Amino acid sequence: MESGVPTNSNQPPKSSDGHTNVEQFGYKQELKRSLTFWDLLIYGLVFMVPIAPFGIYGYVAQGSNGMVALAYLIGMVGMVFSALSYARMSEAFPIAGSVYSYAQRGINEHVGFFAGWVILLDYILVPALLYLVSAAALSDIAPEIPMWIWLVIFIGINTVINVFGIEITAKANKIIVVLELIVLVVFVGAAIIAISKGVNGAEFNFKPIFDKQNFSMSMVMGAVSIAVLSFLGFDAISTLSEETKGGKKVVGRAIIFSLLVVGVLFIIQTWVAALIWPDYTSFENADVAFYQIAEIAGGSWLKWTTILATALAWGIADALVAQAAISRILYSMARDRKLPKILAKVHAKYKTPYVSTLIVAAISLVVTLGFASQIDSLASLVNFGALTAFLFLHLSVINYFVRKQKSKDYLNHLVFPLIGFLIIGYVWFNLDPTSKKLGFVWMAVGILYMIYLKLTKKDSNLNVE
């Protein structure tokens, strides 16, 4: 059967466990179904990193005039609408490919390719960004060890784990998320004790969530545009749709729950941090503001613990799941002949897209060496790709359900995705000019590549109506 979707795929038959048979979309079930709701939930938590605010706390605190918890609360609420759109589309099309597959079938083949192309900018670069940030942090701790050694170690460990199977990745995720949560609990516990003792003039109040004297909607939303990026990653759960068991709603539930759980954790840790250091204007260096707060709360041991936890959480945990996600995107696009066919090869024993995984590892190594002194530019490209893909996602929900399926559920299929589109659009609009310029260059390359595929007829001419 030609790779693609039959004309009757709008309402495909279900398997005994409630899953839509992937064969009904023109594909073979090549990946191993072994992941449960809890595996997906943990996967999402690891990707978003429960301790993500550690690294950017200073910038969010300054941008929000100390209302850092409010910035994360608004960010969580805003991203919920994107999570709902992912849930709707993952139920309708439970296949690997994430927003690439959703836009392809929700709108048309060309928009699908374009959505996949821009999400590549996010997924294929984010592992490199994570490796680079972590290696830089560890180089400060152990300057005698060259940064490239840390990069090779991180990339090597994650590649081996991902090639050996998604079950191995899931087991590693469980260990990692437990360790992160232990560090978080230790910090929050130490912070609460410090607040109760009035350390550094700390006292309990609601100013981190709302400070009337310093509140300004435009100011807070500016900080939200930074904080919301900590939530990027919940969408990657959708790339595991063909490896999930338990019914078609499992992926959607995991996406929403992981976002809510990590949002609550973000709010708690930033709230207590703001109470310990209420003068957000006095940070010596915004890059290490959180670690200074940790030192006040518990001493130098807590400072170094949070630094090390941040480095390992990004370099091993976050990069591990990021590499797994992008390999599934490459696999999905390659089997549709939008990328070289070799990227769709699945390991005979481990049932993983091992060629794509190895390619991502190679790209990560090259990018990290090339962008070693340009972390900001790399981060900007990642943000542009993710947010642009989210815009395509919301449009896909509206077009597929309201226009194609004639749905009357306007709340879930029109109002919620429209709100999500406006929120993401606002954040996208506030991205820095450099990220937009580089992002548009990437989009132009994608258009040229799509034209090449059409002229050479190397794509699969999918029937996605």
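Me: How are the helices in this structure defined and numbered?

Reply: Helices (H or I, at least four residues) are DSSP runs, numbered from the N terminus. This is a predicted model, in which local features need pLDDT of at least 70, side-chain atom pairs count only at pLDDT 80 or more, and totals for chains, interfaces and linings use all residues. Residues are numbered from 1 along each chain as its sequence is written, and side-chain values use heavy atoms, with hydrogens and water left out.

Me: Where is Ser 407 found?

Reply: Ser 407 sits in the loop between helix 14 (375–404) and helix 15 (410–429).

Me: Is Ser 407 buried or exposed, and why?

Reply: Buried means under 20% relative accessible area, exposed over 50%, and partly exposed in between (1.4 Å probe, protein chains only). Ser 407 counts as buried because its relative accessibility is 14%.

Me: Which residues does Ser 407 touch, not counting residues up to four places away in sequence?

Reply: Contact means heavy atoms within 4.5 Å, and with that exclusion Ser 407 touches Phe 401, Val 402 and His 413.

Me: Which residues have the most contacts inside the largest nonpolar core?

Reply: A nonpolar core is a set of buried Ala, Val, Leu, Ile, Met, Phe, Trp, Tyr and Cys residues joined through side-chain atoms within 4.5 Å. The largest one here has 164 residues, and those with the most contacts inside it are Tyr 43, Tyr 57, Met 79, Phe 187, Phe 231 and Phe 234. Helix 12 (residues 300–335) gives the most to this core, with 20 residues.

Me: Why does Ile 182 count as partly exposed?

Reply: Ile 182, which lies in helix 8, counts as partly exposed because its relative accessibility is 46%.

Note on methods:
Helices (H or I, at least four residues) and strands (E, at least two) are DSSP runs, numbered from the N terminus.
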